[in-house]
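Visitor: I'd like to go through the aromatic side chains with you. Can we put the model up and take the labels one by one?

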Amino acid sequence: MGFVLSALSLLLAPAAARFGRSLDRPAAAQARLQRRLVAQVTASDYGRAHGVRQVADWERLPVVTYDDLRPWLAQQRAEGRSLLTREPVLFYERTSGSSGPAKEIPYTRSLRRAFNHLFCVWAFDLLRHGPRFSSGKFYFCISPKLQEADPDPQGLQDDSEYLDPWLRWLLRPFWVLPEAAHRPQSVAQFKRQLAIALLAEERLEILSLWSPSFLSAQLDYIQAHQHELRRALAGTLSPERDRLLAAPEIAWNRLWPHLRLISCWDSATAADSAEGLRRLFPGALVQGKGLLATEAPMTVPLIAAQGCVPLVDTVLFEFEDEAGKIWQIQEIQPGIVYELIISQSGGLYRYRMGDRVRVTHVYRSTPCLEFLGRSRDTSDLVGEKLTVAFVAQVLADLDLAPARFACLAPVLTPRPHYALLLDLAPDSEAIAQRLEAALGRSPQYRHARLLGQLGPVAVAAAADMAERLSVARAQNSTRWGDVKHSALLTQPFGTLEGLLLGTNLSPNPDETVQTCVQTSGKDPS
């Protein structure tokens, strides 16, 4: 097996070497990429509509969001031809649409190649500088086609399909794949099949997933169904592993003694969950994924760089500071928060990602970027991406009168969830049920709830709720005079109790905060 991994390293070396040369001259790499993108856009209806004929015309292209491009994409699909680039669209991949209809990102061959490039650079760095692998057995996160979530029949089936066919073929013997992984199934079926596949592979070395809460929820499932899973795996597990699976508290690191790497989000709101995985698997490297979205791969975590390096040869970066001024990659400075604007080869030009970053240090000649979180109008605990606009509409639709104050707040523990804070709630349980159903209009929120990554919504009511929240936020480094409560808070609180009671107020001891967790529907976790 060592020979196979060494051969893979040799295959990946040329891509890693080319990328390394780009890191030595990031401005030159970005200029080359910009010329290629200009050649694409000048040959498109979109480029002609904005008068783009050469590189000097680049800023004629507006900085856009998906909603700005929605009419172009709708027309592109209706006419069955590319309007944003001269390259044919292979398929559309669906992603978050919490503030409106789901976003469908067009994929061209060049965009797909960009994801493949990311994998090659990342895998080479791991093989050269990372843990010592022997079996190479890995699980690539499957985004399940859940029957309860109106599955989308089109687009990519799992993370492996971001790779070129030759690389998928080469890696196929190493994959750990649940039975019927790509077929529509219930949450229970998906979790059971995944548990069986993972438990059956004692030599598992790599777990690649998105939110660390995905793995935590799966481990909770295994613990809760351990006896059923033992029966299903009878004759498959060794006596020692069968004994470990039967324990009242499963020792996860002993159940998978060869696990060397967990690749997942580990920054912003995912930091605490990732730290929990480090405690459960002290022998494994828990490595952050960097910035990776359906729209584009943006940064790659490199052990050699001790941070996340932007993919300067595949994505064109622009950085907007808080004053609205846009900077190029060679101009950005440590300590300043920037919002990312990207251009990629699938037809999204000067596209506002909604991600905030800052420079941590420089590797070779390229600034490494730390992900700080989503833009200030988005809350994203585990990938649900709720926006202020969407939540404001949800609360308006619920008609919460006679309450005069309403605010939805993200809470991290004991399990990530949302709490609706009200000044008056005659029937908290009924409000929680209606709110849960309304938030479920967001596909990402519904998906996270079904998989158990998010707990059920809570409702808390107190006559002085607005004042309590103001004090809590002021203690959370927000200046008292700057405290403004929108329909959705985007900075999470540690606990609901701390949010409500951990303040310097001295409430009347006879006053209580009414809290209700929605319980009428079965919690899918």
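Visitor: What makes you say that the charged end of Lys289 sits over the ring of Trp210?
Guide: This is a predicted model, and in it the charged end of Lys289 is 5.4 Å from the centre of the Trp210 ring. The distance cut-off is within 6 Å, and the charge must also be within 35 degrees of the ring normal. Arg77 does the like with Tyr92: its charged end sits over that ring, 4.2 Å from the centre.

Visitor: Why is the pair of Trp252 and Trp256 called stacked?
Guide: Their ring centres are 6.2 Å apart and their planes are at 15 degrees.

Visitor: How do you know whether Trp252 is buried or exposed?
Guide: Its relative accessible area is 8%, and the cut-off for buried is under 20%, so Trp252 is buried. Trp256, at 4%, counts as buried too.

Visitor: How many aromatic pairs are there by this rule?
Guide: The count comes to 14. One of them is Phe119 with Phe140, at 6.0 Å centre to centre and 85 degrees between the planes. Over 60 degrees counts as edge-to-face, so that is its name.

Visitor: What does the pair of Phe119 and Phe140 tie together?
Guide: Phe119 lies in helix H5 (residues 109–129) and Phe140 in strand S3 (residues 138–140), so the pair joins parts that are 21 residues apart in sequence. Phe119 is buried at 12%, and Phe140 is buried at 10%. Ring pairs also link both of them with Trp122, Phe138 and Trp175 into a cluster.

Key: Residues numbered from 1 in each chain as written. Predicted model: local features only at pLDDT ≥ 70, side-chain atom pairs only at ≥ 80, totals over all residues. Heavy atoms only, no water. Phe/Tyr/Trp six-rings, centres within 6.5 Å; stacked < 30°, edge-to-face > 60°. Helix = DSSP H or I, 4+ residues; strand = E, 2+ residues; numbered from the N terminus. Buried < 20%, exposed > 50% of the residue type's maximum accessible area, 1.4 Å probe, protein only.
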